[in-house]
Amino acid sequence: MSVKYFQYTLVLFSSLLLIAGCKDDKYETPQPKGILQNDVIKRSLGPNLVGQNIEFVYAMALPADKGKLVSATVEASIAGAPTTFLEHRSFYTNSGGIDVPVTIGAPSVNNGNSTVVTFSKDTMAAALRYFYVAPEAARGKSVKFTFTAKSSNGETATYSMGPYNISKVDMKLDLKPVDGAACYISIEDLAVYTAAEAAAKANVIDLVYLYRTTPVNFNHSIIAPGTTTPAYLQGITLPAGVNRKSKILKVWALRDQQLARAQFGVFIDDIDFQKLDLADATDFAVNLKAEAGIWVETADGKYRAYVYMNSVTNGTKTATISIKRYAMQ
């Protein structure tokens with residue numbers, strides 16, 4: 001074995017042990033047994049959403065005198081979306097804390113429920129990342145995974161993960177309502193529309209975004225078009241038929257990590273929408289600031305949603321909002 005090869009495999013095997021060591025306190029690091037061994041950790045956190053990744057790291061290794069790795073396979077109980085893949089590069093972390101990739105084979109191939117990487121690198125240790133993209137077919141169901149490694153001496157090692165629930169929640173990030181322009185928000189479509197567009201979609205317009213400097217506590221506000229206090233719709237002439245009276249409940253500092261994309265460690269999931277109490281809901285929310293949010297129930301009770309204010313900009317009279325939506329019916 002060359003020095004370079006030895007160093008490479010040593011780093012990879014160290015990575016395997018390091019990954020295994022990231023488990024909770026009850027976990028015991030696998031001890032060398034002189035055979036092909038494998039291990040898996042789940043990296044992604046929070047609810048598993050349709051269209052989003054569930055990420056794992058699959059580590060495998062065998063003694064150098066026992067052969068080399070020939071393939072790695074992940075089989076999901078529900079086939080992932082076409083963008084599901086298993087990395088064909090093994091990563092290790094260098095002394096600077098940077099993840100460094102090492103190509104070990106060709107890009108993965110999806111075949112039905114399975115995703116396969118065939119090794120071309122002469123190696124006996126690897127840690128591959130697996131990204132399962134939850135398909136629409138998995139919405140509201142649970143999914144399990146079987147990881148399998150094969151070596152040139154005919155050995156096979158497997159590891160099961162799951163089941164994991166796939167949320168019914170939809171998510172839309174970074175919509176940009178503009179006061180006086182694209183200010184009509186549809187929870188059903190997860191979109192913002194201009195007045196002309198809203199006139200053609202009056203039955204799905206749930207909210208109106210406004211920015212006003214007077215009164216001083218108005219600022220960035222979201223109002224139901226059918227509000228019982230029309231004064232909140234300052235200067236707005238609603239398109240014909242836009243009159244839905246959504247329920248709105250303003251909250252502060254409910255910073256869902258998937259909507260905010262920051263490490264707040266808070267996640268809104270299906271059960272939060274199911275148990276949401278809107279007894280104190282109104283039909284308006286004024287003076288919304290960045291990191292504030294509103295719970296919404298559409299007038300027909302079809303959807304509940306959480307609208308998070310990612311940012312607001314006074315000068316352009318705009319906001320950036322992200323939405324999680326749950327179908328109640």
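Biologist: What should I know about the model and its numbering?
Modeller: This is a predicted model in which local features need pLDDT of at least 70 and side-chain atom pairs count only at pLDDT 80 or more, while totals for chains, interfaces and linings use all residues. Residues are numbered from 1 along each chain as its sequence is written, and side-chain values use heavy atoms, with hydrogens and water left out.

Biologist: What is the strand order in the open sheet of five strands?
Modeller: The order is S7-S8-S3-S10-S11, with antiparallel pairing. Strands are DSSP runs of E, at least two residues, numbered from the N terminus, and two strands pair if DSSP finds at least two bridges between them.

Biologist: Which are the edge strands?
Modeller: Strand S7 (109-111) and strand S11 (156-165), each of which pairs on one side only.

Biologist: Over how many bridges do S3 and S8 pair?
Modeller: Strand S3 (residues 69-76) and strand S8 (residues 114-118) pair over five bridges. Thr-115 in S8 is the bridge partner of Val-74.

Biologist: Changing topic, how many salt bridges are there?
Modeller: The count is 17, taking a side-chain nitrogen of Lys or Arg within 4 Å of a carboxyl oxygen of Asp or Glu. One of them joins Asp-179 and Arg-212 at 2.9 Å, N to O.

Biologist: Why does that pair tie together separate parts of the sequence?
Modeller: Asp-179 lies in the loop between strands S12 (170-175) and S13 (184-186) and Arg-212 in strand S15 (residues 207-212), so the pair ties together parts that are 33 residues apart in sequence.

Biologist: Is Asp-179 buried or exposed?
Modeller: Asp-179 is buried at 15% relative accessibility, where buried means under 20% relative accessible area, exposed over 50% and partly exposed in between (1.4 Å probe, protein chains only). Arg-212 is buried at 18%.

Conventions: Helix = DSSP H or I, 4+ residues; strand = E, 2+ residues; numbered from the N terminus.
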